Amino acid sequence: MKKYINKLVVLVVILAVVSCDNLDRFPLDNPSSKTFFSNQLEMETAVNRLYTSIFFEKDNERWGDNEWNRSLNGNTFLAGTNTSQTFDFSNGWSNSYTAVNRANVILENIDNPKDYKAGVRNRIEGEAKFTRAYNYALLAIRFKDVPLITKTISTDEALNVVQSPQAEVLDFVFKDLDDAIGLLPESYSGVQRITKGAALALKARIALYTKRYAEAAAAAKQIMDAKKYALYPSYRDLFLAAGQTSKEIVFSLPRSLTFAVTYNIQYDISRLTGGYASNIPMISLVDSFECTDGLTIDKSPLYNVAKPFDNRDPRLRASLVVPGDPWLGYVYNSRPSATQTIRLSDNKLISNQDSPSVNTFPSYTGLLKKKGIPNDPAINWKSQDLDYVLIRYAEVLLTYAEAKIELNEIDQTVLDAINAVRARAYGVAIGNTSGYPALTTTNQSELRRYLRRERRVEFCFEGLRYRDILRWGIANEVFNKSLYGYPKTETAGWPIGGTPTFDANDIPNYSAFASNLNVIYTTFFDPEKHYLWAIPYGEFTINNTLKQNPKY
């Protein structure tokens, strides 16, 4: 049965890359593609259809070590059981090539209209090239060698398309991005669209991911020098309604309750508030937040294992709900003995559905996600409409810093870039070095460790961690071990269980007290296989020129 399902998926992809009989391109009540691209309105209709989240995918946080999902189906990434029939592989491939095709169609017809208003033609071309570059970057990084299709092609051509080397695809990506940078405006009035800054930021990200450090630093520096973006003062509020249109957002897609473009957070919130508490923050993420003196918890005298959330980087409490927090109308208490907790509206004790002694399925780590979730008891968890943020200015700063560190071109601008992000976490100005743990070292290896820790905590739950693990080559250290939940008993050091040690990559090690902890999952990673994704199985049923990645 799977074989036929995959063939159908592939046929959909083929239809998305051919020039004729394309049922995906426009609604059936629109004019045919032969006459559609005749004026500015029709071109704008076409380019507006690029603005969808499936054409701007992010990696899933559950593929890394920040979050685990309680699911009967398990996690094929963490278990190391991905195959060429994995849905995420085929879906990612299909979505990216559909986006590429739509961009190709727009670009082939870009000069048809004769009624463009000033700047519109260039803007549409820039948006199409940005979209094509984004998706080819995903394909090349995830799958390595992939077909490079730069124009609409016939069905026969689609069935025999060959893979291009990854380097060639990436060169094409950077060419598209350079074109987009020259075509796109710096800003818009009252609308969210792709800008010159977004194209530069994407170029910086992809250059960093592919170790083109000089290009990454240069693109990031160009954004920094333009001074059109800035860090939002409040890290917590940045991910709520107040921060959606702030100067920190470089590229985002709007969501709207009015237009039914929403998402569901039921899997993130507590059992007591009607949620499932199944998207679970990992203990290793908590332990990666520094203490307020800038030291890791194994070295800081400020760390108290009995009160593990005190004296910590403020981003910990801004990102996670921890025991004792007032949350969505209740006091959150995941302690096993806490069979009751307080309802804040009337200060009464009620049955505590977030305690494992009351409910079988609370958070297995005793923690919940807070980042991006309003603390509003009247929240409609089925219909949240905060924007889909893809790139923000903090990433630009840390991209610049990392690229310069890897080039060993460390100067004050590098320290300033990292310290600006660290200072914002504490709600102080960068110059107030007594108010946050400012970095002063210029040692390359020391700064690399700080930078990598900084990325993990700053971008937690934003879809960047999985790719960081892979591009830093540390997957073998992150995975191939157990994931732990809360202690087996309250006397075994509730709520964390002990103080881990940290390896050279700052990955926490729990072996000294692992016997006291509940194991919630065991991970596996094959470094000869899992750094790349499998070309989807269905592609080979119709095109035998393709070559599969190793060991799939």
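Analyst: Start with a cut-off. Buried means under 20% relative accessible area, exposed means over 50%, and partly exposed lies in between. Keep in mind that this is a predicted model.

User: What makes glutamate 215 partly exposed?

Analyst: Its relative accessible area is 32%. That value lies between 20% and 50%, so glutamate 215 is called partly exposed.

User: Why is the pair of arginine 212 and glutamate 215 called a salt bridge?

Analyst: The label needs a side-chain nitrogen of Lys or Arg within 4 Å of a carboxyl oxygen of Asp or Glu. For arginine 212 and glutamate 215, the N to O distance is 4.0 Å. The pair therefore counts as a salt bridge.

User: How many salt bridges does a search of the whole structure find?

Analyst: The search finds 49. Another one of them joins arginine 62 and glutamate 67, at 3.5 Å from N to O.

User: How do you know whether arginine 62 and glutamate 67 are buried or partly exposed?

Analyst: Set each value against the cut-offs. Arginine 62 has 27% relative accessibility, so it is partly exposed. Glutamate 67 has 4%, which is under 20%, so glutamate 67 is buried.

User: What separates arginine 121 and glutamate 125 in helix H6?

Analyst: They are four residues apart in H6, which spans residues 120–143, so about one helical turn separates them. An α-helix has 3.6 residues a turn, so residues three or four places apart point the same way. Arginine 121 and glutamate 125 form a salt bridge, with their closest N and O atoms 2.6 Å apart. Arginine 121, at 22%, is partly exposed. Glutamate 125, at 12%, is buried.

User: What makes H14 mostly covered?

Analyst: Of its 14 residues, 13 are buried. Just after the helix, asparagine 408 takes a positive phi of about 55 degrees.

User: Which residues touch the most other members of the largest nonpolar core?

Analyst: Phe56, Phe130, Tyr136, Phe251 and Ile418 do, in a core of 103 residues. A second, separate core has 18 residues, including Leu367 and Phe461.

User: What is phenylalanine 56 in contact with, leaving aside neighbours within four places in sequence?

Analyst: Its contacts include Phe130, Ile194, Phe251 and Leu390. Each has heavy atoms within 4.5 Å of phenylalanine 56, so each counts as a contact.

Notes. Residues are numbered from 1 along each chain as its sequence is written. This is a predicted model: local features need pLDDT of at least 70, side-chain atom pairs count only at pLDDT 80 or more; totals for chains, interfaces and linings use all residues. Side-chain values use heavy atoms; hydrogens and water are left out. Buried means under 20% relative accessible area, exposed over 50%, partly exposed in between (1.4 Å probe, protein chains only). Helices (H or I, at least four residues) and strands (E, at least two) are DSSP runs, numbered from the N terminus. A nonpolar core is a set of buried Ala, Val, Leu, Ile, Met, Phe, Trp, Tyr and Cys residues joined through side-chain atoms within 4.5 Å.
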